[in-house]
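Please read these points with the sequence and model open beside you. They are meant for someone new to the entry.

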Amino acid sequence: MAAVGAGLLLAAEVGLVWDQQQNEPFTFAAISVVMAIGTGLFSTANNTMIMQSVSRDQRGSAGAVNSLTREFGMMMGATGSTILYYAVISHQLGQRTVTAIDVPNTARLAAQSIVYLVGAGLLISIWWLMMSLRRHINDRKESRN
C-alpha cells in the first residue's frame, strides 16, 4: 500500500507540473484528491511498516520518533519549498524578490514547476528507500526461518 500511495503522490506532483494553471480549478481539485488519497495510503502503510520493524517494548519510542520526524519533515518541506520558490522567482527577475505580488506569471509558473519537480524527486527517493527497507525486512525474516 505504501508503494501505491507513493505512486499516487508522485502522479499528483507530475500533474501539478503538467497543469501549469491551464485548467484550474477543476484539475487542481482532482490532483488534490489524488494527493490526499496517496498521502493516506502512504502514511498508514509506512507507519505500520515502521512499527512492525521494532520490538514491542520499543514501539512507544518508535512512534514518538516517527511523529517527530514527520513534523520536522513537514516544517523543512514548507520552509525549503518557500525558499526555493522565491529563489527561482528572484533568478527569473534578476533581483531579490520576497513577495509574489506583481510577479509575472511566467516567473511564478517556473518557480512552481521547479518546486513540484524537486518534490517529485524527493518522492522518487522516498519510494526507493521504502522498497530497500522492505527488501531488508523481508531478508531478515527469511534468515530467521
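Is I114 buried, exposed or partly exposed? I114 is partly exposed, because its relative accessible area is 34%, where buried means under 20%, exposed over 50% and partly exposed in between, with a 1.4 Å probe and protein chains only.

1. This is a predicted model, in which local features need pLDDT of at least 70, side-chain atom pairs count only at pLDDT 80 or more, and totals for chains, interfaces and linings use all residues. Residues are numbered from 1 along each chain as its sequence is written, and side-chain values use heavy atoms, leaving out hydrogens and water.

2. I114 lies in helix α4; helices are DSSP runs of H or I, at least four residues, numbered from the N terminus. Together with L117, V118, L122 and I126, I114 makes a nonpolar surface patch of about 420 Å². Such patches take residues with over 30% relative accessible area and no salt bridge, with nonpolar side chains joined within 5 Å; a salt bridge is a Lys or Arg side-chain nitrogen within 4 Å of an Asp or Glu carboxyl oxygen.

3. Nine residues form the largest nonpolar core, among them L9, F42, M49 and L123. A nonpolar core joins buried Ala, Val, Leu, Ile, Met, Phe, Trp, Tyr and Cys residues through side-chain atoms within 4.5 Å. Two or more residues each come from α1 (2-19), α2 (26-52) and α4 (105-144), and α4 gives the most, four.

4. In α2, the buried residues are T27, I31, G38, F42, N46 and M49. Their cover includes α1 and α4.

Notes:
Patch = residues over 30% accessible without salt bridge, like charges linked within 9 Å, V, L, I, M, F, W, Y side chains within 5 Å. Areas by Shrake-Rupley, 256 points an atom, 1.4 Å probe, with all protein chains shown as cover. Contact = heavy atoms within 4.5 Å.
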